[in-house]
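Biologist: Hi, could you walk me through this model? I'd like to go over helix packing, aromatic rings and a few single residues.
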Amino acid sequence: MQEEFEILLIEFEDKNNVAIQSLENNFNKIQTGRANPNFLSSIKVLYYGENTFIHTISSITIPEGNQLLVKPFDKSITKDISIAIDKAQLGVSSNNEGDQIRIIFPILTTERRKELSKSTGKFNEQTKIFIRKNREHARKTVKDFKDIPEELEKNFHDQIQNLTDKYVSIVEKITKNKEKDLMSM
């Protein structure tokens, strides 16, 4: 029974780690007016018949605080990368300079910053709901264990709750950092 519970906890943590990673990916897509190479982390380009992440087929640098410079290793795909960035609808446009692509982030107004800050709250809540659903699934699974003493079941539930609190705290910290990033400047 202890072994089954340990497997359950590992699965619980794995699912919550995926939720945290998803939150961070969503936050990376929210522009702050400052350049960050992670902003392009989810964009793929068809390269030799395979969908490939931009960061694996090019170098991405920050020449100025509000610009990204994408230099493909293979210059023949510069146009494809530019099109992929534009299709991703990230709120920026790419300037194809022939052998490189320059992305300029517009300066955000206070109103736009507040609007974007609200969207962080939406992602925050979605992630916490996902974590709580994982908790309820884990609790139900513990209840389904056969012949489990009541004291042991309570101990298992407490461990699950402690992990839930840990992950919710991580979500809050990540959200607070993103909101701080959005509102500063």
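Biologist: How do the axes of α1 and α4 cross, and within what distance do they come?

Modeller: This is a predicted model, and in it the axes of α1 and α4 cross at roughly 170° and come within 10 Å. An angle over 145 degrees counts as roughly antiparallel, so α1 and α4 are roughly antiparallel to each other.

Biologist: Which residues in α1 and α4 meet?

Modeller: From α1, the residues include F5, L8, F12 and L23, and they meet a set in α4 that includes F123, F130, I131 and A138. The residues of the contact of α1 with α4 divide into eleven nonpolar, eight polar and two charged.

Biologist: Switching to rings: how many aromatic pairs does the structure hold?

Modeller: Five. One of them is F5 with F156, where the ring centres are 3.7 Å apart and the planes are at 10°, so the pair is stacked.

Biologist: Which parts does the F5 and F156 pair tie together?

Modeller: F5 is in helix α1 (residues 2–28) and F156 is in helix α5, so the pair joins parts that are 151 residues apart in sequence. F5 is buried, with a relative accessible area of 0%. F156 is buried as well, with a relative accessible area of 0%.

Biologist: What about F145 and F156, is that pair stacked or edge-to-face?

Modeller: Edge-to-face, at 6.3 Å centre to centre with 90° between the planes. F145 is in the loop between α4 and α5 and F156 is in helix α5, so this pair ties together parts that are eleven residues apart in sequence. Both F145 and F156 are buried.

Biologist: Which residues do the ring pairs link into a cluster?

Modeller: F5, F145 and F156.

Biologist: Nice. Where does the charged end of K122 sit?

Modeller: Over the ring of F123, at 5.1 Å from the ring centre.

Biologist: Back to α5 for a moment. Is L163 buried or exposed?

Modeller: L163 counts as buried, at 15% relative accessibility. L163 is found in helix α5 and touches L9, F12 and E13, not counting residues up to four places away in sequence.

Biologist: How are the C-alpha atoms of L163 and I131 separated?

Modeller: By 9.7 Å, with L163 and I131 lying 32 residues apart along the chain.

Biologist: Last topic, backbone. What is the phi of Y48?

Modeller: Y48 has a positive phi of about 50°, although Y48 is not a glycine. Most residues other than glycine have a negative phi. Y48 is in the loop between β1 (44–47) and β2 (50–53), and at 70% relative accessibility Y48 counts as exposed.

Biologist: And where is D147 placed?

Modeller: In the loop between α4 and α5. Phi of D147 is near 50°, again a positive value in a residue other than glycine. D147 is exposed, with a relative accessible area of 76%.

Biologist: Thanks, that covers my list!

Definitions and conventions: Residues numbered from 1 in each chain as written. Predicted model: local features only at pLDDT ≥ 70, side-chain atom pairs only at ≥ 80, totals over all residues. Heavy atoms only, no water. Phe/Tyr/Trp six-rings, centres within 6.5 Å; stacked < 30°, edge-to-face > 60°. Helix = DSSP H or I, 4+ residues; strand = E, 2+ residues; numbered from the N terminus. Buried < 20%, exposed > 50% of the residue type's maximum accessible area, 1.4 Å probe, protein only. Lys NZ or Arg CZ within 6 Å of the ring centre and 35° of its normal. Axes fitted to C-alpha atoms, helices over the stretch in contact; angles between N-to-C directions. Parallel < 35°, antiparallel > 145°, perpendicular 65-115°, else oblique. Contact = heavy atoms within 4.5 Å. Nonpolar A, V, L, I, M, F, W, Y, C, P; charged D, E, K, R; others polar.
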